[in-house]
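My entries below keep to what I looked up.

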Amino acid sequence: MKYSKKWSSLLFASAIALSSISIAQPEVQAAQVKKPTNVIMLVMDGSSNNAVTLSRWYKGESLAMDEILSGAVRTYSADSAITDSAPAATALATGHKSNDKFVGVLPAVINSPGLEPIAKEDAYRPVANVLEGAKQQGKATGLISTSEIQHATPAGFSAHVKNRSQYDDIAEQQVYQNIDVVLGGGLESLAPGTTKNARKDGEHLVDVLKEKNYDIVKTRDELFNSKSSKIWGSFAPSDLAYDIDRATTRASEPTLAEMTSKAINTLKKDEDGFFLFVEGSKVDWAAHANDTIGIISDILSFDAAVKEAVDFAKKDGNTMVIAVTDHGNSGITMGNINTTSTYSNTPVSAYIDPLKKAKMTIEGALSQLKEDKSNIVEVAALYGLHDLSEKELATLKSTNDLGKEMVKMLATRANIGYTTGGHTGEDVFLYSFGPSKITGLVENTDLAHAMAKFMGFDLNKLTDDLYIPATKAFTEKGYTSKIDLTDQENPKFIAQKKDVTITIPVNKNIVKYEQDKTTAKTHTLDTINVYNGTDFYVSKKVLNLLK
């Protein structure tokens, strides 16, 4: 991404200022890059520096992330100072700023200072991501999330759509990307059905996964027992449980650290190395709800996953580890209106002790509520709200939004402040370890290019190889073409020349070649076909099939 000279100077000055601060650096385990290289990219969605600080106090000791703190990241998108998860993931995965809701495609509008305008013909164009680049290098790849695996952030590292809500397209693209290890939620998006995110296009992707020889696992024990090099773990219809809730509500689900460890131990067997993406998704969800317990629960869960990654990297000596949040959320603070005049003599216990009383997140506590709400006192206690005053109890009994009132009450008791139920625009901490680790104040897009460089490829060149406009490419080869929208859920690109017909289905990694209506072949590629609503985009390798 190019910037004006003025903007670049400001970024450079900021980076110098930050890098002049004394930040304890870990010893780098390898003096130079050797092969094979590995990258583990971890994102704790919707966290913030204040939330991490609070979680450290809650834990009562240092975090694994503390050891590898190396700088900070700017998170703004192409059209806003405060980003959504979709363009944030796009930036981290592809090296391109994008627009609200866009996943893995270029923006249509540029509003942020210093970014060059987008050419009209480039709007919505798919751009290659680091996972796809790793695949092209022959590396094993992995994708982990505690939300639906089709959610915006994991989608940014595996798919290309105009809107993050296109779960059907995202799920299909992920299946046909042939990622070696996929672990998370989102089972209902793999097959047709009556649930919210069930498929509407008639595709039975579980059957496709079986045909592709994946070991499909649905529980923690099944994951641990799998000996396969190709694992697809779908542990819930949608999202997984918060870490603190798991033992009570869904004990059969693995933790984020367990999924990370299993993925590393599976992927490391590839002689060409591996790329692994890991997301702690529900920090963001808890922050949107102003649920202090949920935030802490899943930051500490994420930190345990970071420890798994760093422990492996220390032994391996040639693994780059990056951990970061994609954007802030909620404006959480230790200290609120209660501490305006008392902050200087308010002990840590005044913040932490009320939080320690909670045994579940607000989601977990409310899952225990009876339909007649007769156990409302017990449910409040699960969330740390013991000894309710008459006023508090009356409020809980009369409210139409019990969760909202409970999180407010606990925050008040613990002197925790919130400014919003949405995202925030602050710079966030950068954690990095290993050869070519990243330091200073950087753009979120810089992380994608750093990972690509470490693995030995250029993202812009990769885009030119993997995603060329099909209409133009086939026209230049003398073909006539059309986009067949007869089945709105399953568009196809059809090109014809004399007796040859080529059919390219959306979201898949196949091309169908037919000649004289007698010879029919299906070619399998190492990348997917993408339709952005205007044109199909295909790999240059498709052109090798043309006559």
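**Entry on the model.** I note that this is a predicted model, in which local features need pLDDT of at least 70, side-chain atom pairs count only at pLDDT 80 or more, and totals for chains, interfaces and linings use all residues. Residues are numbered from 1 along each chain as its sequence is written, and side-chain values use heavy atoms, with hydrogens and water left out.

**Entry on terms.** I take helices (H or I, at least four residues) and strands (E, at least two) as DSSP runs, numbered from the N terminus. I call two strands paired if DSSP finds at least two bridges between them.

I looked up an open sheet of 10 strands with mixed pairing, in the order 5-6-4-3-7-1-8-13-2-14. Its edge strands are strand 5 (215-217) and strand 14 (440-443), each of which pairs on one side only. On average, neighbouring strands here are turned by 15 degrees against each other, direction ignored; axes are lines fitted to C-alpha atoms, for helices over the stretch in contact, and angles run from 0 to 180 degrees between N-to-C directions.

**Entry on strand 13.** Which strands did I find joined to strand 13 by four bridges? One is strand 8 (residues 319-324), which pairs with strand 13 (residues 428-433) in the antiparallel sense over four bridges. Within this pair, V321 has F433 as its bridge partner, and A323 stands opposite Y431. The other is strand 2 (residues 69-74), also antiparallel to strand 13 and joined by four bridges; here V73 has V428 as its bridge partner. Is strand 13 mostly covered or mostly open? I found it mostly covered, with five of its six residues buried (under 20% relative accessible area, with exposed over 50% and partly exposed in between; 1.4 Å probe, protein chains only).

**Entry on helix 12.** Helix 12 (residues 292-316) lies across strand 1 (38-44), strand 7 (274-280), strand 8 and strand 13, and runs at about 165 degrees to strand 1. Contact means heavy atoms within 4.5 Å.

Strand 19 (residues 510-515) pairs with strand 20 over six bridges, in the antiparallel sense, and the partner of I510 in strand 20 is T524.
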